[in-house]
Amino acid sequence: MQVHLDGFPLPIKKLKGTDPVASLDLSRKSLSPASVVVIAALIGDNPSITYVGKDGLNLEGNQLGDEGWGAIFAAVC
């Protein structure tokens with residue numbers, strides 16, 4: 001089964017850490033704050049994603065707003 005958020009197929013195994021990656025590019029996917037809250041919930045227990053930015057979890061160019069960014073930073077911390 002594949003889950004789509006805002007029309008983008010979500011790499012669930014990579015986000016959860018089942019298929020560990022240190023970096024994941026989700027930039028410019030037109031993700032909304034609600035979608036990013038789901039992503040934050042998935043990465044919350046993932047020990048391999050420890051950084052938000054180009055060399056970690058890249059979310060540039062999305063419309064995250066304060067709620068989305070807050071959820072992502074709380075999950076990574």
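The model is predicted, so local features are reported at pLDDT of at least 70 and side-chain atom pairs at pLDDT 80 or more, while totals for chains, interfaces and linings use all residues. Residues are numbered from 1 along each chain as its sequence is written, and side-chain values use heavy atoms, with hydrogens and water left out. Secondary structure follows DSSP runs numbered from the N terminus, with helices (H or I) of at least four residues and strands (E) of at least two.

Helix 3 comprises residues 65-76. The expected span of a helix is taken as 1.5 Å times one less than its number of residues. Accessibility is expressed as relative accessible area, with buried under 20%, exposed over 50% and partly exposed in between (1.4 Å probe, protein chains only). By this criterion Gly68, Ile72 and Ala75 of helix 3 are buried. They lie on the same side of helix 3, because they cover an arc of only 65 degrees around the axis, the arc being that of the directions from the helix axis to the C-beta atoms. Asp66, Glu67 and Ala74 are exposed on the other side of helix 3. The cover over the buried residues of helix 3 includes helix 2 (33-43) and strand 4 (57-58), where contact means heavy atoms within 4.5 Å.

In helix 2, the buried residues are Ser35, Val36, Ile39, Ala40 and Ile43. Their arc of only 145 degrees around the axis puts them on the same side of helix 2. Strand 1 (4-5), helix 1 (12-16), strand 4 and helix 3 pack against the buried residues of helix 2. The face turned away from this buried side carries the exposed residues Ala34 and Ala41. For Ala41, the relative accessibility is 60%. The C-alpha atoms of Ala41 and Gly17, 24 residues apart along the chain, are separated by 12 Å.

Two packed helices are described by the angle between their axes and the distance between the axes. Here axes are lines fitted to C-alpha atoms, for helices over the stretch in contact, and angles run from 0 to 180 degrees between N-to-C directions. The axes of helix 2 and helix 3 cross at roughly 5 degrees and come within 8 Å. Helix 2 is therefore roughly parallel to helix 3, on a scale where angles under 35 degrees count as roughly parallel, over 145 as roughly antiparallel, 65 to 115 as roughly perpendicular and the rest as oblique. The helix 2 side of the contact consists of Pro33, Val36, Val37, Ile39, Ala40 and Ile43, which meet Gly65, Glu67, Gly68, Ala71, Ile72, Ala75 and Val76 in helix 3. By class, this contact has 10 nonpolar, 2 polar and 1 charged residues, with Ala, Val, Leu, Ile, Met, Phe, Trp, Tyr, Cys and Pro counted as nonpolar, Asp, Glu, Lys and Arg as charged, and the others, Gly among them, as polar.

The loop between strand 3 (24-25) and helix 2 contains Arg28 and also Ser30. Arg28 has phi near 50 degrees, a positive value in a residue other than glycine. For Ser30, also a residue other than glycine, phi is positive and near 60 degrees. Arg28 is exposed at a relative accessible area of 59%, and Ser30 is exposed at 58%. Asn62, in the loop between strand 4 and helix 3, is buried at 10% relative accessibility.

Leu24 of strand 3 is buried, with a relative accessible area of 10%. Not counting residues up to four places away in sequence, Leu24 touches Pro11, Lys14, Leu15, Ile49, Gly56, Leu57 and Asn58. Its C-alpha atom is separated by 12 Å from that of Ile39, 15 residues apart along the chain. Lys16 lies in helix 1 and is partly exposed, with a relative accessible area of 46%. Leaving aside neighbours within four places in sequence, Lys16 is in contact with Leu42 and Asn46. The C-alpha atoms of Lys16 and Asn46 are separated by 5.4 Å, at 30 residues apart along the chain.
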